[in-house]
Amino acid sequence: MNEPEPRPSTAPRRFETAAPPHAIPTRSVPAIMRRVLYALIPAAAAYTWFFGIGLVINFAIAAPAALATEAAILSLRRRPVRRALRDGSALVTAALLAFALPPLLPWWIPALGGFVAIAAKQLYGGLGKNPFNPAMVAYALLLLSFPIHMTQWLPPRMGDIDYTPLTAIEQVRYSLFDELPPKRTVDAYTRATPLDAVKEGLREQRSFQEMSATSLIGTFGGLGWEWVSSFVAFGGLYLLYAGIIRWQIPVATLAGIAVPAMLLHMVDPERFASAAFHLFSGAAMLGAFFIATDPVSASTTDRGRLIFGAGVGLLTYAIRTWGGYPDGVAFAVLLMNAAVPLIDRFTRPRIHGHAER
Amino acid sequence: MLTAVTVLTGLSLALAAALIAASRWLPERGDDAVERIERLLPRIQCAQCGYPGCRPYAEAILAGEAEINRCPPGGESTIRALAELLGREPTPLDTSLGSASMDRVARIDETLCIGCNLCARACPVDAIVGLPQRMHTVIARLCTGCELCVPPCPVDCIEMVPRHG
Amino acid sequence: MVDVTFERYLTGGIRLAANKTASTEEPILRGFIPPLLVIGLHQHGGTSAVPIVAVGQKVAKGEPIALPGAPPSTGVHASSSGRVRAIEERLIPTGTKLRASLCIVIETDGEDRRFEGGSDEPWPESREVRIERVRLAGIAGLGGAAFPTATKLEAVAGTCKVLIVNGAECEPYISCDDMLMREAPAEIVAGVIRMADLVAAPRVIIAIERDKPRALEAMRKAVTAAGDPRLAICEIPTVYPAGGERQLIELLTGEEVPSGAYPSSIGYVCQNVGTAYAIERLAARGEPLTSRIVTVTGGGVARPRNVEVPIGTPIHYLIEQCGGYRRNVVRLIHGGSMMGYALPADDLPTTKATSCIIAAAEGEVRESFEEWACIRCGECASVCPARLQPQELLTAAAARDFDDLEALGLDDCIECGCCDVVCPSHIVLTERFRGAKRAFAEHARRLALSAEAEERHKRRERRLKQIEEDRRAAQEALKAKLRADEEARRRAVAAAVERARQRKRRDAEP
């Protein structure tokens, strides 16, 4: 039959193809990073209210250092630079590092921190490939290398302070030029954190109850710190609500701190700090909601996350109570990071249609 | 200080003793080793590695006499698997050895075949059927691409063609 | 009260915007006949059907034009009356991909004349003959996979615990089952009852998603009216992919189909509501499968709706029937938005597997495929209906680590696409897994070839050794025989010499 095919009124049309599924993805990495930064804003406001502008200075130095390091390493690796910088992960790392650092520091410490944190990420292969939490790697390195600077904190701007606190300009001047108001040294301004002070006190056989009555400890946690921790927690709850993090790690971490704290405090309230004190002092809340939840370095299975979080909590408590440092969050996180491949391997759920192993 | 030295020395001696005991009295896994290596090879017996079969090659690898990059049909995946098993560095395939590949099969041109049966005798997996003085043909499904039938054919009627399509 | 509740909630799955309102506002368009039909003979699962018509032959609607091939297979019929203008190889869309198939091209005459032969034979009594009728009638699963229904029913005949009728239709955009349930519930239920009889099922559950209130109401009425105590309706949550066979069985019964096995192995069989409808049309009116409901939808088509489409209708006629394209159409999808695949052109014909055609507009589908690295957030694992770990499968797939891929259950991935949708790094996980499955299959083939080569080589060595031994044994036997012969000869000679000597002695004596 040689007749032509009946000509349809609309001629056949060609289309571009793509593999299924055709639905548009609902999440994105930059959006997640942005939300984490938003969630830190209330905490940053509280921090600045109590402790001055140090946090902002640290972030203002660490962030560009982080971004510059990332750009430099990526171009050495011959990877696209703009794209990686735009994903926001470097900013989040710098922000968390800024929270972890004391507020009164010479500029080269946050700069070095930003550099080390990003190096710790890029040297393993970049986003998604680092086994250790970058901000905590930087913090640990700084703490071990510069112990004096890293343990000098400012007292909160309330309660009985025996001096005039530094103004913002004076803080900036210290950071950049190492200058202080005449006839003062750094020691005049800095104090230990409540965690540090309590730990020292317990070692000297002072009772926790007695210390609670002093101006060290506020309503439920360390003075000033309790509010910062609370605002951190609010930010964390927002992250939970927005689906950015899942509940397993925060709940397990806080439980890992609170449960031994509660038990030991019940047994001997003089020699062991209360659970409330532990939860609302130091980096407990920050660790539970923002640091341990870093998806790249934490466990990926739900059951694994419970184990991971519990491990971070317990190790934090152990280091705080019996270890050599006043706060153990950073080391706890790094230690549990090392255990993640093992945890993941053994907490895989049973696959549909497979028998129980 | 003395305690530390004593404890560490004691631990080292104890662990060394345990290792020596284990190496003496736990069952040898000699045979297992060759089989484990052989299992990673394609086992088509093409002999392009220079050894007369996959088993001899595996034995030579175990003895440290042969490099792990000598198997053309195994290709890169076999080299990597061997490297991982033996803890050696993977090296690129030695391309001077031959071109045997499991993606190709032999094909006899029936217009040229003289029925001499030499190819059937050469095939290590009996994939060629044919009686002397009668037509021969390759069963493509059983052919492994080892190319051992190609040299013996006196009329050069065998060629290697892609397995699919 | 005909309702039952389901056993277990699905672990995993996602809620997606249904996008079904546009195509469900009007009733199903019927009576549409295109000027040309391209009917594929291998449009179903299993083997191709075998043509029995010739070019130039006039055919009537419902006339068999191809008989089932080797099982599993099913027949093919003319979807409308006309003349066969060609029998040639063409590309046709099957359940999961385009396939080259022999096609019978029919120029329709617009009369839609019915085929007379055999349509008023009564529905047979015997189960075997009924199933054979289903096989000949070209009935294949109308949920989208188009697997020959006769083969599927045979597999559970007598061993069926529950017949599950799938009215879930969980994938976005597809609404053909919803509309069929609204418009022909009584026939669907009648077909379900016939299927239940075919497989001797003691129980039947008709699963319908919660977001189809009108379909639920219509089906509940029809089931109540039918009065068959085996039948029950189960309203299931609107989660994708609750309508997947394995997921539906787990949801309704709490049981899991073992990996690598079929539902029939644990006594379940799933059939789509459309398939039930087709069986009723065959049994009650002698009609083979010549048409099916297709949802034509998407922002790129002017008047989205459901259409009763003769099998083999070139898609552009169908779009034309629905008002033509809108200016901003960017993609043509065969199937739903999650598992449907994009078509390169619209002159391809519909098949029994075509449940939906989406003319997608700009902004309606994913057009950017830029990815970030996996950040191990684990969202993919939390939505996987098969409880796999896609983030680990991704690493294993990239490394071509076949042992790991097997242990992680690559085989159990149903390619539903849930993981892609929730991935913040926008990684095309499902496509990676498809590639990994292909590489894995190739790897498995090689392993099988190696194992077989090893076996054949060993047998050959044994055979050659045996030949050698036989040869040596024969040689020994020959030598022994020669020796024995020699010995015998020697003795005979010696005896003859002795006899001669004796004679000589006798002769010498006086």
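In chain C, Ala86 (C:Ala86) stands opposite C:Val105 in β8(C). These residues belong to a predicted model, where local features need pLDDT of at least 70 and side-chain atom pairs count only at pLDDT 80 or more, while totals for chains, interfaces and linings use all residues. Residues are numbered from 1 along each chain as its sequence is written, and chains are lettered from A, with ligands numbered from 1, in the order in which they are written.

Back to the strands. Strand β7 (residues 82-93) and strand β8 (residues 98-108) of chain C pair in the antiparallel sense over eleven bridges. Two strands pair if DSSP finds at least two bridges between them; strands (E, at least two residues) and helices (H or I, at least four) are DSSP runs, numbered from the N terminus. Zoom out, and four strands of chain C form an open, antiparallel sheet in the order β2-β8-β7-β4. At the edges stand β2 (36-40) and β4 (58-59) of chain C, each with a single partner strand, so one side of each is left without a neighbour in the sheet.

What about chain C as a whole? It has 13 helices and 17 strands. Its radius of gyration (taken over C-alpha atoms) is 33 Å, well over the 24 Å that the globule rule gives for 510 residues, so chain C is more spread out than a compact globule. That rule is 2.2 Å times the number of residues to the power 0.38. Along its principal axes, the C-alpha trace of chain C spans about 140 × 65 × 50 Å. Still, buried residues make up 52% of the 510 residues in chain C. A residue is buried if 20 or more other C-beta atoms lie within 10 Å of its own, exposed if 12 or fewer, and partly exposed in between, with C-beta atoms placed from the backbone.

C:Val192 counts as buried because it has 30 C-beta neighbours inside 10 Å. Leaving out residues up to four places away in sequence, C:Val192 touches C:Val165, C:Val204, C:Ile206, C:Leu231 and C:Ala276. Here, contact means that the C-beta atoms, placed from the backbone, lie within 7 Å.

Now for the neighbours. Of the two pairs of chains in contact, chains A and C share the most contacts. No contact joins chain A and chain B, whose closest C-alpha atoms lie 20 Å apart.

| Side of chain C | Residues in the contact | Make-up of the chain C side |
|---|---|---|
| touching chain A | 59 residues from chain C, 41 residues from chain A | 31 nonpolar, 13 polar, 15 charged |
| touching chain B | eight residues from chain C, ten residues from chain B | two nonpolar, two polar, four charged |

Over in chain A, helix α17 (residues 329-346) has 18 residues, which should span 26 Å at 1.5 Å a residue; its end C-alpha atoms are 25 Å apart, which agrees. The expected span is 1.5 Å times one less than the number of residues. α17(A) bends by about 45° at A:Ala339, and a proline, A:Pro341, follows within four residues. That bend is the angle between axes fitted to the seven residues ending there and the seven starting there. The buried residues of α17(A), including A:Phe331 and A:Met336, pack against α4 (89-100), α6 (134-145), α15 (284-291) and α16 (302-322) of chain A.

Key: Nonpolar A, V, L, I, M, F, W, Y, C, P; charged D, E, K, R; others polar.
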